[in-house]
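Before this model goes any further, here are some notes to read alongside the coordinates. They are set out as numbered points, moving from the overall fold to single residues.

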Amino acid sequence: MESGGAPRPAPSGAGHVRRLGRRLVTVGPHRGAHRVAVRAGISVLVPLLLLVSVGRPEWTPYAAFGAFTSLYGRAHPRADRTGMQVIAGLALVVSVTLGVAVSLAPGSRWLVVPVGALLAAWGSLTSDAYAWHPPGPLFLVFGLAVCAIVPAEPVDLIIAPAIAAASAGFSLLVGHVGVLREPGSWVRPSLPRPRFRDALDPVGSRAHLLRYVVALSAAGALATGLGWEHPYWAMVAAVVVLAGPDLASRLVRGLQRMVGTLLGIGIAAAVLARSPQQGVWAVVVIAALQVLAELFVGRNYALALLFVTPLALMMGQLVAPSPVGPLLGDRLLETVVGSLVAMAVLLLVPDRLPRRRTVSSAQ
């Protein structure tokens with residue numbers, strides 16, 4: 001999940017191919033990933049356990065996306081991390097609320113496509129303006145799309161943001177547990193200042209926002225038009241491919257998404273066959289998969305998908321169980337389609353958009 005900002009020049013020819021191959025299999029350094037993984041696991045585990053315990057598994061998506069606040073600022077000092085998480089958490093709450101609103105609207109299955117495409121562009125720009133890490137609009141689009149397909153009632157327009165905000169707040173508290181051990185280490189959180197003008201300055205930045213709109217609209221419309229059960233998976237795959245600092249990173253992301261999902265399907269089949277898919281123990285498995293995913297997501301995305309794939313499917317089963325066989329097939333098919341659509345858009349939409357020619361008054 002790399003930056004959605006302006007691209008950097010990439011090598012061409014054989015050197016370009018070699019670079020893609022190396023980046024596909026390279027595993028980055030650990031860099032304290034265990035701390036981020038534990039924070040993420042606890043942030044997901046506690047609110048989901050609470051909701052399942054009170055008999056409200058249908059509310060777990062709202063809590064899960066609020067808990068993803070814990071994923072931001074993994075390598076930042078605590079004060080900067082907290083400021084970043086506050087802004088990202090607010091954005092996640094907005095995406096969840098928007099998803100519920102779409103769910104309540106007529107034609108929600110189609111409406112989520114243009115709304116998700118526009119949210120992706122806005123999220124990419126906001127991510128660059130606030131220098132989020134992980135960068136890009138992935139979790140915003142994911143939260144919108146999932147909440148848009150979950151059946152909702154008007155009262156959920158109040159319940160969903162409240163649960164998401166509470167879950168985001170809990171993840172902020174989890175990130176400050178270290179202060180209990182060292183009270184003197186607490187410092188006032190530093191809220192980042194947005195730099196939207198700077199985010200739009202680099203060559204290719206405006207074109208990249210257009211890529212989000214085109215790719216997500218195409219992937220979502222194709223999956224929805226073909227009647228696939230989870231069309232948002234194609235949209236999420238497209239977001240992943242587009243989120244990168246340069247063309248090489250984005251193409252590597254696309255290959256990693258497809259290869260990692262293919263391998264992850266096998267692990268998901270084993271997990272879904274042996275694990276309870278609802279109840280307390282299902283939540284425990286989800287939290288464990290979240291920990292494992294965070295151990296690798298910053299090191300090699302394909303490896304992380306070995307755990308992200310069963311994680312996403314388990315979260316869906318917790319809310320609305322589906323037959324496992326078709327579920328696995330849909331995940332793979334829609335991921336491949338979304339990735340290929342985004343890769344095609346990357347190659348078709350140039351960094352420098354043609355300027356509209358104006359006719360002077362003297363002519």
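Helices in these notes are DSSP runs of H or I with at least four residues, numbered from the N terminus; by that numbering, L318 belongs to helix α14. The model under discussion is a predicted one.

1. Overall make-up. The protein chain has 15 helices and zero strands, and 53% of its 363 residues are buried. Of the contacts between residues at least 6 apart in sequence, 82% join residues that are at least 24 apart. The chain exposes about 16200 Å², of which carbon and sulfur atoms supply 66%.

2. The nonpolar core. The largest nonpolar core contains 99 residues, and those with the most contacts inside it are L48, Y62, W132, Y212, L216 and I286. In soluble globular proteins, nonpolar side chains tend to be buried together. For I286, leaving aside neighbours within four places in sequence, the contacts are V44, L48, L311, M314, M315 and L318.

3. Helix α13. This helix covers residues 280-296, and because its 17 residues should span 24 Å at 1.5 Å a residue, the 25 Å between its end C-alpha atoms agrees with expectation. The buried residues of α13 are A282, V283, I286, A287, L289, Q290, A293, E294 and L295, and they pack against α2 and against α14 (301-319). An α-helix has 3.6 residues a turn, so residues three or four places apart point the same way; the buried set in α13 includes A282 and I286, as well as Q290 and E294.

4. Not counting residues up to four places away in sequence, L318 touches L48, V52, P57, T60, Q277, Q278, G279, A282, V283 and I286.

5. Salt bridges. How many salt bridges does the count come to? The count is three. Side chains of opposite charge can pair when their charged atoms come close. One of the pairs is R74 with E294, whose closest N and O atoms are 3.1 Å apart. R74 sits in the loop between α3 (60-67) and α4 (78-104) while E294 is in helix α13, so this pair ties together parts that are 220 residues apart in sequence. Both R74 and E294 are buried, and E294 is also listed among the buried residues of α13.

6. The other two pairs. E58 and R56 meet through their side chains at 2.7 Å, N to O; E58 counts as partly exposed at 28% relative accessibility, and R56 is likewise partly exposed, at 35%. R195 counts as exposed at 52% relative accessibility, whereas D198, at 42%, counts as partly exposed.

7. A surface patch. V38, I42 and V46 form a nonpolar patch on the surface, with about 220 Å² of accessible area together. V46 is placed in helix α2 (residues 33-53), and at 38% relative accessibility V46 counts as partly exposed.

8. G66 in helix α3. G66 is located in helix α3 and, with 1% relative accessibility, counts as buried. Apart from residues up to four places away in sequence, G66 touches A164, S167, A168 and S171. The C-alpha atoms of G66 and G169 are separated by 8.1 Å, although the two residues are 103 apart along the chain.

9. Which residues are joined by a cis peptide bond? The bond joins H133 and P134, with omega at about 5°, and P134 lies in the loop between α5 (108-130) and α6 (138-149). A131 is found in the loop between α5 and α6 as well, and A131 has a positive phi of about 55° although it is not a glycine.

How values were computed: Residues are numbered from 1 along each chain as its sequence is written. This is a predicted model: local features need pLDDT of at least 70, side-chain atom pairs count only at pLDDT 80 or more; totals for chains, interfaces and linings use all residues. Side-chain values use heavy atoms; hydrogens and water are left out. Patches are made of residues with over 30% relative accessible area and no salt bridge: like charges are joined within 9 Å, nonpolar side chains (Val, Leu, Ile, Met, Phe, Trp, Tyr) within 5 Å. Accessible areas come from the Shrake-Rupley method with a 1.4 Å probe; for residues, only the protein chains shown count as cover. A salt bridge is a side-chain nitrogen of Lys or Arg within 4 Å of a carboxyl oxygen of Asp or Glu. Helices (H or I, at least four residues) and strands (E, at least two) are DSSP runs, numbered from the N terminus. Buried means under 20% relative accessible area, exposed over 50%, partly exposed in between (1.4 Å probe, protein chains only). Contact means heavy atoms within 4.5 Å. The expected span of a helix is 1.5 Å times one less than its number of residues. A nonpolar core is a set of buried Ala, Val, Leu, Ile, Met, Phe, Trp, Tyr and Cys residues joined through side-chain atoms within 4.5 Å.
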